[in-house]
Amino acid sequence: MKKVSLFFLLCLLSLAVQAQLRLPKLISDGMVLQRDAKLNIWGWATPGEKITVRFQNKRYKTVTDAQGKWQVGLPRLPSGGPYTMEVEGSTKLTVKDILLGDVWFCSGQSNMAHQMNIHDVTYAQEIAEANNPQIRQFLVPNQTNLQSPQTELPRGEWKAAVGEDVRPFSAVAYFFAKKIHEKYQVPVGIINASVGGTPIEAWTSEEGLKDFPDLQVAVKKNKDTTHIDNLKRQSASTDRPAPLADLGMVATPKWYEASYTPKGWRPINIPGFWEDQGIRDLNGVVWYRREIDIPASMTGKPAKVFLGRIVDADELYINGVLVGKTTYQYPQRRYKLPPDVLKPGKNTFVIRVTNSAGKGGFVPNKPYFLFADADTVDLKGTWQYKVGVAYRPIKGDTGASFSAQNQPTALYNAMVAPLTDYTIKGFCWYQGETNADRPREYADLQTALIEDWRKQWNLGSLPFLYVQLPGFMDYNYLPSESNWAVLRESQSKALSAPNTAMAVAIDLGEWNDIHPDNKKAVGDRLALAALKTAYGENVVYSGPLFQSAAVEGNKIVVSFTNTGSGLVAIDSEPLGEFAIAGSDKNFVWAKAAIENGKVIVQSDEVSNPLYVRYAWADNPVNPNLYNKEGLPASPFRTDR
């Protein structure tokens, strides 16, 4: 009887909590509301409860519906603040420090998600001097829902770009917002909903994917929790051999401990991958070791170790002490050392690297050094290595493990749907890397996303600004095929949708890092696109875009839009990255020159040219065609 009574009381308590007057997480202290646009303020309370919203000396009244939801509309209001809002029903809520300005929904995968904190070396001064109380971010928590659109977020708050609070800001979105704020001197709010490694279809609603039968099948299957449980079990029960022990961890003493005496270690270079240094096809754990001489001037004070990037996971030990670790390959390794770790003279550095697929080791052309104040010690060069464990091959078809965040609609349902009643100025989108293995379908998927989000917000053809993928991976010095080039082409097709703009970033990549450091230039170019598309400014906001190609004898004459003040080779060298082909589509490098605002392309090897390509590669070596405003041309081909 007592158990029944307790259960009954808990149920009543739960219902009482749900019925209390509450606001969505987005409508909270420090929020930025969209200026000069009709606004929605909503929340939940007891069904039939009378609600009054007070804002700027006016009252707005409504009554909750049968499900307990209420909503009021506010008229267009100019920029300004800070203001206070009161919401009253059976209880009263107060929202403080409200600003009116421009609100941008910024979304995508890791290059939008990457925080200022991750790039705090490049932007150390920007972080140290951050004092922008009118630039604010609402960071949407990462979550998924495979069943249906959610109405609320589990948590979240608005933060101003002041001091250390700027560190969690999306770096791209922050520089975008800063440029807009500098131009118009109005508050700028960023709603940051982005998750690394996710495909575009995860961000699109079920309705938005109606023209994609295969994705619709997946959406319907994923609503079956039994099906999802089976997928998770299959992922967990792959026929993997029992893991072998890491010799470095089971030895006495362990290989990282100060009392360990190394035996049987071999030379290896840092940086570099072990498969390129005499270790064939090894997935497993490799230990690196080196004695480093440290001057007395660097001891007894805080220091940092930069270990570039490591594929895949690492642990760094100094003199037997674990000083840093990272569990996956993409973050830069920047480890802070306590003042008592280093000692004058010889110090033992041990790095335990774990990799389960592809080449393992240390990514070249990254910083590898130790520094304290102005003193530095180079960590590149010859180390010693020993294999702790070699993983046995996995039998059978392993397939891809199930990941909810990569399923169609999963992120829309959980991270976008709860926000669509909130009035915004437009969208910023930086995504595509995860779809690069299916590049041709991306054009339709991105157009579907644009249409879908505009429909869900129901605010007309809101500006949609997006980033075309930068260069990445190895340079290829011969004309070649490229999935990344095809994906960039697919991205450019979205420009046919009204009120869209593309920030070309082909020159902003890094061959060895899918997360290039130069986030400021990306944000600045998105802001340029916003000035034209969202604010109606008469500015050159894009680099040259392919318009047409005409065959004239043994030459192809290429015309462009967005030439601004004129075409130019940005480095004053001959134009690079143009390739030409005849009917056989066997592309060879071509000579290219700017004449009368057009590019003339020809090759002695192709007497009857039909097709031309520009910067058609994963990572073109020198795409130097720009307009005089300093914006790069977008890659293109005519042999679609």
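Where is Arg438 found? Arg438 sits in the loop between β24 (426-430) and α9. Helices (H or I, at least four residues) and strands (E, at least two) are DSSP runs, numbered from the N terminus.

This is a predicted model, in which local features need pLDDT of at least 70, side-chain atom pairs count only at pLDDT 80 or more, and totals for chains, interfaces and linings use all residues. Residues are numbered from 1 along each chain as its sequence is written, and side-chain values use heavy atoms, with hydrogens and water left out.

**Confidence**

pLDDT is the predictor's confidence in each residue, from 0 to 100. The protein averages a pLDDT of 94. At least 70 is the score of 95% of the residues. Over residues 10-17, pLDDT stays under 50. For that stretch the model has zero contacts beyond four places in sequence. Contact means heavy atoms within 4.5 Å.

Buried means under 20% relative accessible area, exposed over 50%, and partly exposed in between (1.4 Å probe, protein chains only).

| Residue | Relative accessible area | Class |
|---|---|---|
| Cys106 | 0% | buried |
| Cys428 | 1% | buried |
| Ala171 | 0% | buried |
| Arg438 | 29% | partly exposed |

Leaving aside neighbours within four places in sequence, Arg438 is in contact with Pro199 and Glu201. Arg438 and Asn483 are 45 residues apart along the chain, and 7.8 Å separates their C-alpha atoms.

Ala171 belongs to helix α4 (residues 171-184). Not counting residues up to four places away in sequence, Ala171 touches His114, Gln115, Met116 and Lys519. Gly553 is 382 residues from Ala171 in sequence, and 49 Å away in space, C-alpha to C-alpha.

**Cysteines**

A disulfide is a pair of cysteine sulfur atoms within 2.5 Å. By this rule, the count is zero. Cys106 is in no disulfide, and its nearest cysteine sulfur, that of Cys428, is 4.3 Å away.

**A helix pair**

Two packed helices are described by the angle between their axes and the distance between the axes. Axes are lines fitted to C-alpha atoms, for helices over the stretch in contact, and angles run from 0 to 180 degrees between N-to-C directions. Helix α9 (residues 442-457) packs with helix α10 (residues 483-493) at an angle of about 35°, the axes being 8 Å apart. From α9, the contact is made by Tyr442, Ala443 and Gln446. From α10 come Leu487, Ser490, Gln491 and Lys493.
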